[in-house]
Amino acid sequence: MTRAEAKERNRRALLDAAFQVVSRDGYRARLDEIADRADLTTGAIYSLFGSKNGLVVALVADYLRPYYEEIEQAVPAGLDLQEAVDAFARYYRRSCDAPDALSRLSLQITLLDMALHDPDLRARLATSVRAQENHLIALFTGRSHNGSVVTSHQAQRLTTALRALFVGLGQGVPLGLAPGADEQYFADTARALVSGMSLIAATE
């Protein structure tokens, strides 16, 4: 194994261990337990991530990256904005039934709790999430809608609204708090955001 391969193996082991410990313990997660689960030392955490917060931010990026890659596949080019939002909504609803839906929800809530306790982590997590959401902004930018083309600024406003909508619904489904919220319901609510026009008609 080359040095680069060993480094990536250690990084992967720490991220997997951090997912388990952080999901369970939140801001009380201990670096020594994370390192033990990965068969490494706490020194490896500092070497690879710089700090506990650095590890948590990397965990979020690692968690979100495949999610956004799957969205890009679920929402093909050539669709207009209404069709793209419909496809995105249906993908999001299907993800609520995934085998790991509850563990993802647990991590989501835990990260929010951690951010509330740590201003530095809160700022770093916000920066990381915004960077990942640029994938969604790019996905909606340039699509046709009512005879015009969606700008990057308009796509950003839409992405913010969709995130707020689906985070709420996405928490409700696995907890049993959103009865009747099937794929069609997700698609209808998302398309309603677009058809409202006040959302994406804002000037640059």
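This is a predicted model: local features need pLDDT of at least 70, side-chain atom pairs count only at pLDDT 80 or more; totals for chains, interfaces and linings use all residues.

Colleague: What is the average pLDDT of the chain, and where is confidence lowest and highest?

Modeller: pLDDT is the predictor's confidence in each residue, from 0 to 100. The chain averages 90, and 96% of the residues score at least 70. Confidence is lowest in helix α6 (residues 101-117), with a mean of 87, and highest in α2, with 97. Helices (H or I, at least four residues) and strands (E, at least two) are DSSP runs, numbered from the N terminus.

Colleague: Which residues of helix α3 are buried, and what puts them on the same side of the helix?

Modeller: Buried means under 20% relative accessible area, exposed over 50%, and partly exposed in between (1.4 Å probe, protein chains only). In α3 (residues 42-49), the buried residues are Ala44, Ile45 and Phe49. They lie on the same side of α3 because they cover an arc of only 105° around the axis, the arc being that of the directions from the helix axis to the C-beta atoms. Their cover includes α1 (3-25), α2 (31-37) and α4 (52-74). After α3 comes Gly50, whose phi is positive, near 85°.

Colleague: Why is the pair Asp86 and Arg191 called a salt bridge?

Modeller: A salt bridge is a side-chain nitrogen of Lys or Arg within 4 Å of a carboxyl oxygen of Asp or Glu. The closest N and O atoms of Asp86 and Arg191 are 3.4 Å apart, so the pair meets that definition. Asp86 lies in helix α5 (residues 81-95) and Arg191 in helix α9 (residues 183-195), so the pair ties together parts that are 105 residues apart in sequence. Asp86 is buried, at a relative accessible area of 14%, whereas Arg191 is partly exposed, at 30%. Both belong to a network of salt bridges that links Asp86, Arg90, Arg94, Glu183 and Arg191. The structure holds 14 salt bridges.

Colleague: With which residues is Ser95 in contact, leaving aside its neighbours within four places in sequence?

Modeller: Contact means heavy atoms within 4.5 Å, and on that basis Ser95 is in contact with Ala101 and Arg104. Ser95 lies in helix α5 and counts as buried, at 13% relative accessibility.

Colleague: What makes a space a pocket, and which elements line the largest pocket?

Modeller: On a 1 Å grid over the protein atoms alone, a pocket is an open set of points where a 1.4 Å probe fits, with protein on both sides within 12 Å along at least five of seven lines; lining residues have an atom within 4 Å of a point. Grid points are joined across faces, edges and corners, and a volume is the space filled by probe spheres set on the points. The largest pocket holds about 930 Å³ of space. Of its 33 lining residues, the closest to the centre are Leu64, Gln108, Val129, Arg163 and Val167. Two or more lining residues come from each of α4, α5, α6, α7 (119-140) and α8. The most come from α6, with nine residues.

Colleague: Why is Asp39 called exposed?

Modeller: Asp39 has a relative accessible area of 71%, so it is over the 50% limit. Asp39 is in the loop between α2 and α3, and its phi is near 60°, a positive value in a residue other than glycine.

Methods
Residues are numbered from 1 along each chain as its sequence is written. Side-chain values use heavy atoms; hydrogens and water are left out.
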